[in-house]
Amino acid sequence: MIAVLRAELLKQRSTRTNLGLFATMLGLVLLAELLHSFGLPARDLNTAARQLQLLDPGVIIGTLLAALLGAMSITAEIRHGTIRPSMLVSPGQKPDTPVLAPAVAAILLAVYAAAAATTGWMATNRRDVA
Amino acid sequence: MRCGAVLESNDFHPARSGRNHLRALALAARIPYARVEELLDLVELTGAAGRRVKGYSLGMRQRLGLAGALLGDPELLILDEPANGLDPAGVHWLRGFIRSFADRGGTVVISSHVLAEVALTVDHVLIIDHGRLFATARLDELTSRGETLEGMYLDLTARQAP
C-alpha cells in the first residue's frame, strides 16, 4: 500500500492544476491566519487556548481545498482512464475492488482531514499556560 | 509469470509529462527510476519525456503505453491494436521491437483487425469471431496453400457463420 500511496502522491505533484491548487491552499490558509491574527485585539489573545484558536480558519479552508483535491484526483483517474494502468501495475493490491486508486486518494484526503481535526481539537482543548 | 499489457492507447492524464506518467507507475510497482529512463530511450521518447502528454501524437502515446507495459520486464506482453495510429516508420519500429522481444524468449499476444500487418509479424494465429475460436495454427501452416491470412479469415468465418 505504501508504494501505491507514493505513486499517488507523485500524481498529485505532477500536474499544473494540482500544483496551483496546492499553492492556492497554502496562500489562502496563510492569508486567513494573518487576517485573523492581526484583526483580533490583544486582550482576546491572553490565554494559550485562545491563541491556538487562531488556527481554526486555516484548518477549515485547508480541509475544503483538500476535499477538492481528493475529488479531482478520483475523477481524473476515471475520466482519463489512468485507472487502467494504475490497476495493472499493482495487481496484488486489492483484486476485489475496482476502485483502488480513488480509494487511495480518498485515504490521503481522510488522513489530511484527520490531521486537520486533530489540530482543531488540540486548539480547543489545550490548557492555559498563562 | 511477469506480464505487461497495453489495453488502451490513451490512458494518460493529458497534463502529466510522459516521464512522470511512467514514474508514477514505477513507484507503485517498486521499480527504480533508472528503468524509466531506460524505457524512454528504448521507445525513443527521451526527448519528449518532459513534455505534457497533451502534445503527444497518437504514435507517441502508443509508444509511451508500451514503455509502461515493459516497466516490470515482462515475459508475456499483451497488446491491443498496437500499430493503430503509427506512421510507417513507427510501424516498422514496432514490428522490429516485437520480433526482438520474441527472439529474446518473450511471448507477445497481439489482438488486431489489421490482418495484413499481423501476417508480417506473428508466428501463431488464433482466429476468433463473435467470441468463437475458429482456428489455431502456425501462420505458415495456415497459409501454406498460398492463401493470405485475410482470405483465410474471411473463408473460415463465412463458412461457419450461422
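**View 1. Helix 2 and helix 4 of chain A cross within 8 Å of each other.** In this predicted model, helix 2 (residues 16-39) and helix 4 (residues 56-79) of chain A have axes that come within 8 Å and cross at roughly 165°. Axes here are lines fitted to C-alpha atoms, for helices over the stretch in contact, with angles running from 0 to 180 degrees between N-to-C directions; helices are DSSP runs (H or I, at least four residues), numbered from the N terminus. That angle makes helix 2 of chain A roughly antiparallel to helix 4 of chain A (angles over 145 degrees count as roughly antiparallel, under 35 as roughly parallel). The crossing of this pair is right-handed, a term used if the near helix is turned clockwise from the far one by less than a right angle.

**View 2. Residues where helix 2 meets helix 4 in chain A.** From helix 2, the contacting residues include A:Leu21, A:Met25, A:Leu28 and A:Ala32, and on helix 4 their partners include A:Ile61, A:Gly62, A:Leu65 and A:Leu69. Residues are in contact if their C-beta atoms, placed from the backbone, lie within 7 Å. This contact divides into ten nonpolar, five polar and one charged (Ala, Val, Leu, Ile, Met, Phe, Trp, Tyr, Cys and Pro count as nonpolar, Asp, Glu, Lys and Arg as charged, and the others, Gly among them, as polar).

**View 3. A closer look at helix 4 of chain A.** Its buried residues include A:Val59, A:Ala66, A:Ser73 and A:Glu77; buried is said of a residue with 20 or more other C-beta atoms, placed from the backbone, within 10 Å of its own. Just after helix 4 of chain A, look for A:Gly81, with a positive phi of about 75°.

**View 4. Chain B against chain A.** Here 20 residues of chain B are in contact with 20 residues of chain A. Helix 1 (residues 18-28) of chain B gives the largest share of the chain B side, six residues. That side divides into ten nonpolar, five polar and five charged residues.

**View 5. Helix 1 and helix 3 of chain B.** The axes of helix 1 and helix 3 (residues 58-70) of chain B come within 10 Å and cross at roughly 20°, so the two helices are roughly parallel. B:Gly18, B:His21, B:Leu22 and B:Leu25 in helix 1 meet B:Leu64, B:Ala67 and B:Gly68 in helix 3.

**Notes.** Residues are numbered from 1 along each chain as its sequence is written, and chains are lettered from A and ligands numbered from 1 in the order in which they are written. In this predicted model, local features need pLDDT of at least 70 and side-chain atom pairs count only at pLDDT 80 or more, while totals for chains, interfaces and linings use all residues.

How values were computed
Parallel < 35°, antiparallel > 145°, perpendicular 65-115°, else oblique. Contact = placed C-beta atoms within 7 Å. Buried ≥ 20, exposed ≤ 12 C-beta atoms within 10 Å, placed from the backbone.
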